[in-house]
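Have a look at the model below.

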Amino acid sequence: MLVAALQPLLRLTVESTGGTPESASTISLHAAVLPDRPETLTLLREALTLLAPLLDEPAMRSGEGLPVLHTLVCLPNQLRGEGARPMAFSGVPLASHAVAVLDIAAGEFTEQIAARWDSLPLAVRRSAAQAVLGPDPRPRSLAGAAEAGDAVAAVALADTRLGRLLVLQPLRSRAPWREALEDQQRAAQQLGSEMDLPEALRLLEETGPNVTGIAVSALPAFTRAVGAAAPDPQPAFERIAQAPMAGEDALLAGLAQRHPDAVWSWMEERVGDPRLAAAALSFAHEHPAREPRLFDLILQAASAASAAGGEGAARLAGNLTWHLVACNQPLAQRMAVLALLAEQCPAPALPTTLEVIGFLLQEARKSSLRIDTAVAAKYADGLRRRFSESDQIAATVDFDEDTAYGAAEIASSLPEEFAAVASGQLLAVDGRSGLPLAWKRSLEKLPPSARERLVIAFQRRMDEARAAAGVSARVDLTAAGVLTVLGNGTTAWADILRQWASGAPAQRRQAAAAVQHSWQDPLWAEIISVLLSAGVDAATKDALLAGVVLPGMTTDLPDALQPRREALSPLLTDPTAAVRAFAADALHSLDVLEEEERRREADFDRGYRT
């Protein structure tokens, strides 16, 4: 709380925003430097003096206090960064006297840190060393900063333990990325091969959080080399079993190079732990003969955890699911494992499972792989399980893009299975809802050939349901909307709509429901003419009128009015009076909407908000 409370005193710029009643839509931005007065530096010194005792607090050495200690030793960088940052909104550099004040304060606090150097945790020392580098024109290396008189840089250069840590977690520099990466990885591998395992484990305990850049790859290079050189893996097993440790995945991978039987025996006994299962999967591709058994064990662990209501089931399933995307096992085998996941995974993991099903189905299409019937059935069951949740948690499923991607790929590769799922759910909820919104967007992107097959399969399923037990009028109307989502613009869809439009009143209502929002399709005017010439009830006519006048919350149709006017234009010269009257009513409604929009824009320009 003290660090947060003192932040305003550690900045020299004041920034604000505001407006005026006379110009409500205008925002004025201001930035100013605090006056060049002696009390400015005094305030900074007083704030830093209050913070300095925190560097000595034992509570800051571990647990929740450790991030605060990292923040404290980074204050010199924060202060100098404030001086290097241009003034907001204008880009004008901060005045030199303000930069000097900040640099004096940063230097004084740096000396406070250096005086306590040996008492600070190793990872905090690394953060402190990073904080004294830059910004320009300050040196970007510890040697340069020490030569310029920086106290922290001087003690950091003499710190042997820190020097080792900086091999596997190097400081950020401006060296060319590729050269620096290769050099650092070689140095990390060399150090890892030379250190004994217990000493390396102690060093890993002191690694710092939130490292970026080259350090991200240097640490795994070090731990893999440590594992590959270790004569006995047992100390590593004991430490990793206790709690997460930096670089543990690469450490286990290195141990598996030298002690494969011991490592895999130990891992297989512990795959019920999502953390260790993820570690095993991270290097399983290096041991392809052991991979299938690992899959089976993780499936069993996920199933047991799910049955027991454990939180780890979703993590286990998710780890295995994503591994199947890029692993080198045959595609048919990966698809079979994914089918078991679709059947067994807990509900929270199902969207990811369906998304990856989509990835593998796409891969199967490209390689012309025939999909096993049992696998296809399990994929459909997984989709059905997720779809059935839309009746209880519609908002979650409606905006679930992961499931939507998988649903579209299942529809493209397995149209009969998708049609069975869509028609079955429609009947189960008695037409209260159709397809989720995200599914609609994904399905509309499928190629016409795939959508043609979907329309035929879905219509056949609905005809079978009507013949077997009959369906309600609500189901028929919702099914007509689903048919348009699946096949809008296809030949099969157009044939069905023409048949309905020329049929009995109930079929005409289906045609109206199917074509309601399809005014962008050339078929729309033809179907509207046939329907209105034959006669429809008032509710159906109102629905058709709303379909062309209002975009609809469940569509991605454009808001522009001119394309709607153009769609209505052919109806103005229709030989049937009812059709012409419908077009005139629709155009009048569009004129009213346009006038209302002009009024809102004018109010907005005057500063009013509605």
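Let's start with Glu199, which is partly exposed, with a relative accessible area of 25%. Keep in mind that this is a predicted model. The side chain of Glu199 meets that of Arg164 in a salt bridge, at 2.2 Å from N to O. This pair ties together distant parts of the chain: Glu199 sits in helix 11 (residues 197-205), while Arg164 belongs to helix 9 (residues 160-168), and the two are 35 residues apart. Arg164 is partly exposed too, with a relative accessible area of 32%.

That is one of 35 salt bridges in the structure.

## A pair within one helix

Now go to helix 33 (residues 577-605), where Arg599 and Glu596 are three residues apart, so about one helical turn separates them. Their side chains form a salt bridge as well, with 2.7 Å from N to O. How accessible is Arg599? Its relative accessibility is 39%, so Arg599 counts as partly exposed. Glu596 comes out as partly exposed as well, with a relative accessible area of 31%.

There is also a network of salt bridges to look for, linking Arg565, Asp591, Glu594, Glu595 and Arg598.

## A loop with two cis bonds

Next, find the loop between helix 6 (122-131) and helix 7 (142-147), which is where Pro135 lies. The peptide bond running from Gly134 to Pro135 is cis, with omega near -10°. Pro137 is in the loop between helix 6 and helix 7 too, and a cis peptide bond joins Asp136 to Pro137, this time with omega about 10°.

Asp136 has 44% relative accessibility, so it counts as partly exposed. Arg140 is put at 35%, and it counts as partly exposed as well.

## Two residues with positive phi

Which value does phi take at Ser368? It is near 55°, a positive value in a residue other than glycine. You'll find Ser368 in the loop between helix 20 (350-366) and helix 21 (373-388). Is Ser368 buried or exposed? With 68% relative accessibility, Ser368 counts as exposed.

Asp430 is not a glycine either, yet it has a positive phi of about 55°. Its place is the loop between helix 24 (415-428) and helix 25 (437-443). Asp430 has 30% relative accessibility, so it counts as partly exposed.

Note on methods:
Residues are numbered from 1 along each chain as its sequence is written. This is a predicted model: local features need pLDDT of at least 70, side-chain atom pairs count only at pLDDT 80 or more; totals for chains, interfaces and linings use all residues. Side-chain values use heavy atoms; hydrogens and water are left out. A salt bridge is a side-chain nitrogen of Lys or Arg within 4 Å of a carboxyl oxygen of Asp or Glu. Buried means under 20% relative accessible area, exposed over 50%, partly exposed in between (1.4 Å probe, protein chains only). Helices (H or I, at least four residues) and strands (E, at least two) are DSSP runs, numbered from the N terminus.
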